[in-house]
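Keep the sequence at hand as you go.

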Amino acid sequence: MYKVGNSVEQVYGGSVVKQGDRTPFGFTFRDENGEAVSLTNATVKIKVANEKALLLEKTATLKDEYTAEFSIGQADITGSGDMRLEFTVTYSNGLQEKFPSDDWQRIKITPTLEDIGKTGIAYLTFEKMKADFTQKVDDLNERVDNIVAESGNSNLEIMESRKDIYGNTYTTLKERLDEEQTNLGDVSILDWLPANLSEAIKDLRNWVNQRAVNVRTPPYNAKADGSDETALIQRAMNETALKTKIMYVPSGTYGVSATLKVPTGLSIVGDGKRTKFQALANLNTGVSTSNNTGQFFEVHLVSDVKISDIYFDGQNFNAGAVCISGSNDVTISYCYNYNTPVHGITVANQGTNLPKNINILYNSFENVLYGAQMWDAEDVLLLGNRVNKAKAGLWHAVSRRIKYIGNDIQNCEDVGIDMEGGEDCLAALNTVKACKNGELTFFKGNANNKNYGKNLVFMHNIVVSTATYIKRDGTTEDCGFGALTVHSINENLTESLAFKNNQISVYGTRYGFYTNALGTGKCGINVKNNEFYLKEASTKAHRLQSCVDLNMDDNRFIFEVTNDSLSEIKNSWKSKIKDNEYEFKHGRIGTAYAILLYTDVSGSDPLTFEDNIVKNADQYALKVDAYQNAGKDLFILKRNELSDKPVVNGGLLQTSNYGAKFVDQPLKIKVDPSGTIDTRTIGALNHSNGNKKTNARGELIIETDGAKRNAYDIFLFKHILKSYDGSGASSGLIGDATYYATISGSSITFSTFTYTAHNTYLDLVLNS
């Protein structure tokens, strides 16, 4: 039988892969309650289909208890296009479950140039050739149909139609047509075609040869054997740019000892990983751009350049893929850059010349400094790129309209996707994993005093924030900070930095959201509608320090194991933490509070903690410690649900310091129904500042034998203060002669009960 209502969460691999690339995909399965499904002793089978047919079936590898992994290699015949994935999990008890239950998981497979080029005609002319072929075949079929239709009872004419131009006789006319239809795919066999179509194809071949210069044919005759061919390739580029504009670099290894300078208007096309540019020395661009110490290609103050399907092997020299400086309308696609201590792609200004309209598409970077960096650039699209084992993944400084879409980044020694200043930039639909100082980050962008940040958005990304990462040398190191990190920004020059609708899994002792050193001005940070899955006992929801004008609302923090961590909000002003949910699925251990509101400096405007829900944290939900107040409200607590049942202190502890201002804050404070209780000793009602008056109105609830036997509306106390003098309090008798409590001043005295007291608590609403 099959269950329903489940879902699939992709944890790595991205949504786009090139045909034949064995990049692994990793998936976690979730049940109808959103909990991760254990795959212990289970098998997982994957079906891959397009919109027409089932293309592939495979068995996944189980990487851990919750993750299934598979890849699509060169031997797996799937073709290219939009693919649908369906998973069947067979558990150890024989039960099967299909994932997802309501749709398919989807990926896109893009073709390689060599796969497209197997027809023998250049990719850019394939659609035109196909249209010509289709028309000619239709004409040929019509001719044959007319021969048969007009033959009447003449067997001679029918027999003649079964014979091809080589004199070969087929058993039936259909057999001959089927054979010739098959031959249509082999463009080297042209003589069987009608003369006009044969000539048309030969003309097309000549046109392609005229358009694309092949560096392995005369006059260049590249050896492609790993020897130094720098001068030959530079000559071919210069001459091709003056003629056909397209330079084809076939399969082989081309040694490069100096940076190659790309002219305006040139397109360079290789055969993917089979076309290797191999560094023979440190490459020097001769161009002064930020952090650039050598790339294979220099695209400097030119325009209309395309580089595609080339493997750049840095050989651990200073040999990144491409440096684009002050150039416009440049596309780098389907390239590979491995093993270099410098950046894969650098996009930077050259003086007042800003790079504009740059496309960086479906490239792979491994063992590099940064995958790609943008410096004072405009209108850059980074789509479907993959970065693994780098100092940093993809980042920009002081740039405008940068879009990071659908990239896959993991194992970075610094950050994954990083925005340092800039305006109108977006990071969406990316998968980012295992980055030491944060997977999605905003750091201070102070280049050339242009550290202004406005309308910077991270949304709909999948983040896996691991405890460790793999360095470029293959060793592992601990990660720090948070999955979402904002650090050291100039607060007065930042407006509207947003993290929205992201799905984040956090491991180790890391934070889901981390801020630090944001100063005392306006930060303008919005964190909204994100889902954080906290995976280990010491994983923390957040550490918000020195924030101003921060709004964190409608987020879910789901602690999936028993947790003992402390999630802090420290020295933050003029901010609102609202409508968030903290769910401890398996409770808490230890005596640390789940959330801490803390200040040790005086601020201007208070932080509001409003309408938040804390589930299953018992008495350790929220601690408030406002060390300095200068007569001001530092925290406002408003309508938070700290516990769904009576617990000690109502789930709230105020230290002996200043405390907080309350607005309609409910508390269910469990008390011991014996002896005398001084309400001034209840931590939730604790204040040391005599100027602060807090009214607590509500009921004393005494449940006996499982029923609410006595409940009395009373005005318990006007002032909850350590300096309380007892005046103005209600007093009296509750209950009957066999079961009662007496209230006098700040004290509640319980008499000896005839009945068994099961639950006794104060059901209060606090207002300051």
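How many cavities of 30 Å³ or more does the count come to? The count comes to one cavity. Keep in mind that this is a predicted model. Rolling a probe the size of a water molecule over the atoms shows where empty space is left. Here the largest cavity holds about 180 Å³ of space. Its lining is made up of 19 residues. Closest to the centre are Val16, Val17, Lys18, Asp21 and Gly384. Strand E2, residues 16-18, gives the most to this lining, with three residues.

Turn now to the charged pairs. The whole structure contains 28 salt bridges. Arg235 pairs with Glu239, and their closest N and O atoms are 3.2 Å apart. Both residues belong to helix H6, residues 230-242. They sit four residues apart, about one turn of the helix. An α-helix has 3.6 residues a turn, so residues three or four places apart point the same way. Arg235 is partly exposed, at 38% relative accessibility. Glu239 is also partly exposed, with a relative accessible area of 25%.

A second bridge runs between strands. Arg386 meets Glu366, with 3.9 Å between the closest N and O atoms. Arg386 lies in strand E26 (residues 386-397) and Glu366 in strand E24 (residues 364-375), so this bridge ties together parts that are 20 residues apart in sequence. Is Arg386 buried or exposed? Arg386 is buried, because its relative accessible area is 16% and the cut-off for buried is under 20%.

The side chains of Asp618 and Lys645 meet at 3.7 Å, N to O. This pair links distant parts of the chain, 27 residues apart. Asp618 is in the loop between strand E51 (613-615) and strand E52 (622-626). Lys645 is in the loop between strand E53 (635-638) and strand E54 (652-654). Asp618 is partly exposed, with a relative accessible area of 35%. Lys645 is partly exposed too, at 43%. Elsewhere, salt bridges with shared partners form one network of Lys356, Asp376, Glu378, Asp379, Arg400 and Arg401.

Go back to H6 and look at its geometry. At 1.5 Å a residue, its 13 residues should span 18 Å. The end C-alpha atoms of H6 are 19 Å apart, which agrees. Which residues of H6 are buried? They are Thr230, Ile233, Gln234, Ala236, Met237, Thr240 and Ala241. Seen down the axis of H6, these buried residues fall within an arc of 160 degrees, so they line one face of the helix. The face of H6 turned away from that buried side carries the exposed residues Ala231 and Leu242.

End at a loop. Leu280 is found between strand E16 (267-279) and strand E17 (295-300). Leu280 counts as partly exposed, because its relative accessibility is 33%. How far apart are Leu280 and Asp313 in sequence and in space? They are 33 residues apart in sequence. In space, 9.6 Å separates them, C-alpha to C-alpha.

Key. Residues numbered from 1 in each chain as written. Predicted model: local features only at pLDDT ≥ 70, side-chain atom pairs only at ≥ 80, totals over all residues. Heavy atoms only, no water. 1 Å grid on protein atoms, 1.4 Å probe; cavity = no way out; pocket = protein on both sides within 12 Å on 5 of 7 lines; lining within 4 Å. Points joined across faces, edges and corners; volume = space filled by probe spheres on them. Helix = DSSP H or I, 4+ residues; strand = E, 2+ residues; numbered from the N terminus. Salt bridge = Lys/Arg side-chain N within 4 Å of Asp/Glu carboxyl O. Buried < 20%, exposed > 50% of the residue type's maximum accessible area, 1.4 Å probe, protein only. Expected span 1.5 Å × (residues − 1). Arc of directions from axis to C-beta.
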